[in-house]
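Have the model open beside you as you read.

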Amino acid sequence: MTQARDACLMPTAAAEASAVPFFVVGEQRSGTTKLRIMLNNHPRLAVPFESGFIPVFFGRLAEYGSLTEPSNAERLLNDICLHPKVDKGGLVPDVAAVLSRRIASYRDLVDAIFREYAKRKGKARWGDKTPAYITEVETIASIFPEARLIHVVRDGRDVALSLGGLNWGSRHIPRIAQDWRWKTVLAHKVGTVLGDRFLEVRFEDIVRDAEGELRRICEFLGEPFDPAVLAYSASAESEMPPDSMQWHRTSTRPPDPAKVYEWKRRMPIADRILFEAAAGDALELFGYERERLAPTLGSRIKGLYYAVVRRW
Amino acid sequence: MVSNGLPSVEPLFIVGFQRSGTTLLRLMLNAHPQIAIPHDSAELWPTYARLASTKYRGLREPDDVRRMVGDLLAEPRIRAWRTTLPRESLLADPLPCTFPEVMARFHLVYARAHGKLRWGDKNTGTLVELDRLNAEFPRCQIIHLVRDGRDCAQSHRSKHYLYGYENVLRVALEWREQVTLCHKMGAMLSPERFFELRYEDLLADSTAALSRLCQFLNLPFSPLMLEYHRHVEEHVPRDRRSLWPLLDRPPVTSNAFKWKSEMSSGDRAVFERTAGDLLRSFGYETSEAAARQGKLLELWYLVHSRLAWRMQAIRGFFPRWLSNRFGLGR
């Protein structure tokens, strides 16, 4: 804490060196983008648009040979730049600047990419927000053993409602429930083993008490709390790829309490029963309400429909 | 904590999906002169871990501890250890005052009764509870035994081990979920604390596999481990023996990859389509051609798993050979 407080706000070499990276993960539509935008308002933190590439290329490192060889690192970086998420988010506008840093390993390369990004934003410390890393926590932790991980959890029934409102989202309730249960429980368990480098926050708590939760997150990251994280500015939209803004209309606005437990008003009974049947234990694990409704004729028919007819 | 002759030692845990060879590995390790691992504790410890904060009031008072120890002594799973555990040793100073301490004390007293130093617990259910184990015993060592899931499915079917597990789709889904969870949680522990071993490698070259395991456990290798089959009578409850017919002889190498000769192509396809990625990540071969078959069978398994509880009633209507063919038997 004191170290962070002493560090000056501009990215000096010393401040850069002391900065431990952090990763925000979570199931889709769980408020990870909202948290990213809040953290980006912090004078020391820079969190780019989803990176997506880290585990992908970690699994393909053998193709590139030793990265101490500058030509290998360059080849890898060029391929990383072609990754759709990297391309979309404009994470690497200046390949030469990244390569001018000392690169001896994959970790160094990833670090260099993000440090360059942070430097451009005038920030001392980088973080990443890629929801898909929720199933890759162990890969991230093996590349960055000292990294801090933040798992954002949101009531799965609200996640399902939110997905249902997207043209690319699934409406298959049992599958969404299974997927939500699997990913959140996996991240929870792996994170529990990770211990004090892992923090779980509920989206609902961020909405209810943004300052309290953001203070907790800042403390976890070893950063001084700055009220700027609570301020929503129009500039937030400039940090999103323009064609992604339509999926994140509410991310850049102050938290809307009506978005919390929306399922209670908007989700059909049959869907609620099906969701709880598939993921009731996980709802309970994260402290969400269970209705324990008895199956109705409607939920049985819908369940059979999803299981057999809409299978493939 | 060294007192009353009970040294503080780091526990070791054997975890693995059901029918993955954890009982074989337990007997092998138990045959080591320094390791004691009793019969699978199943629901025993997880149940008492939960009860500790409710029924036993957080073990705040010595009376609560005595009550828990007394209840545990009456448990069939503890009696199946077939070892006299003197109450005064279990309650000896310093009195255990948390659930992990009570559990450790039972195992330590068991180990001492057998003249062993290190204690271990083997439980197939804890595969997905590494987070709890790690919290309860922050310095424990964990061995994850992995077996080709298709063999697990075959074994489940031939042993009628658990009701509903003749359903290959169900076993494939659970195998994938539980083994992935365990593998990923284990990856968060240091290599000094988590060890993953394939059952097939244990069978193919037991000496090499057990040597590596002993190195992991910081113990000298003992050839006595290969003599495990001489102790089956005393260490496996008689009424459970039928579940492990091969334990009374040296490792049977043909017990690996049995699915190649015994599994139908449809079942194989269902399994590989469901858990192919995980099979490959553990170095098990899969075939793309096989994974395209068995769609109808998969649909049947799906219906079967949804209706499993009704199947017992239904199977009476079918001739026996037909029930067996479609997994309606028990």
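In this predicted model, Leu44(B), Trp45(B), Tyr48(B) and Ala52(B) of α2(B) meet Met68(B), Asp71(B) and Leu72(B) of α3(B), where contact means heavy atoms within 4.5 Å. By class, that contact has six nonpolar, no polar and one charged residues. Ala, Val, Leu, Ile, Met, Phe, Trp, Tyr, Cys and Pro count here as nonpolar, Asp, Glu, Lys and Arg as charged, and the others, Gly among them, as polar.

As the model is predicted, local features need pLDDT of at least 70 and side-chain atom pairs count only at pLDDT 80 or more, while totals for chains, interfaces and linings use all residues. Residues are numbered from 1 along each chain as its sequence is written, chains are lettered from A and ligands numbered from 1 in the order in which they are written, and side-chain values use heavy atoms, leaving out hydrogens and water.

**Helix pairs**

- Helix α2 (residues 44-53) and helix α3 (residues 62-73) of chain B have axes that come within 12 Å and cross at roughly 155°. That makes α2(B) roughly antiparallel to α3(B) (angles under 35 degrees count as roughly parallel, over 145 as roughly antiparallel, 65 to 115 as roughly perpendicular and the rest as oblique).
- Axes are lines fitted to C-alpha atoms, for helices over the stretch in contact, with angles from 0 to 180 degrees between N-to-C directions. Helices (H or I, at least four residues) and strands (E, at least two) are DSSP runs, numbered from the N terminus.
- In chain B, the axes of helix α8 (residues 149-159) and helix α14 (residues 265-281) come within 9 Å and cross at roughly 135°. α8(B) and α14(B) are therefore oblique to each other.
- Gly149(B), Arg150(B), Ala153(B) and Arg157(B) of α8(B) make this contact with Asp267(B), Arg268(B), Phe271(B), Glu272(B) and Leu279(B) of α14(B). The residues of the contact divide into three nonpolar, one polar and five charged.

- On a 1 Å grid over the protein atoms alone, a cavity is a set of points where a 1.4 Å probe fits but cannot get out, and lining residues have an atom within 4 Å of a point.
- The lining of the largest cavity includes His39(B), Trp81(B), Arg82(B), Tyr110(B) and Glu234(B). Its lining residues divide into six nonpolar, two polar and two charged.

**Backbone details**

- Asp93(B) and Pro94(B) are joined by a cis peptide bond, with omega about -10°. Pro94(B) sits in the loop between α5 (87-90) and α6 (99-113) of chain B.
- Ala42(B), a residue other than glycine, has a positive phi near 45°. Ala42(B) lies in the loop between β2 (35-36) and α2 of chain B.

Key: On a 1 Å grid over the protein atoms alone, a cavity is a set of points where a 1.4 Å probe fits but cannot get out, and a pocket is an open set with protein on both sides within 12 Å along at least five of seven lines; lining residues have an atom within 4 Å of a point.
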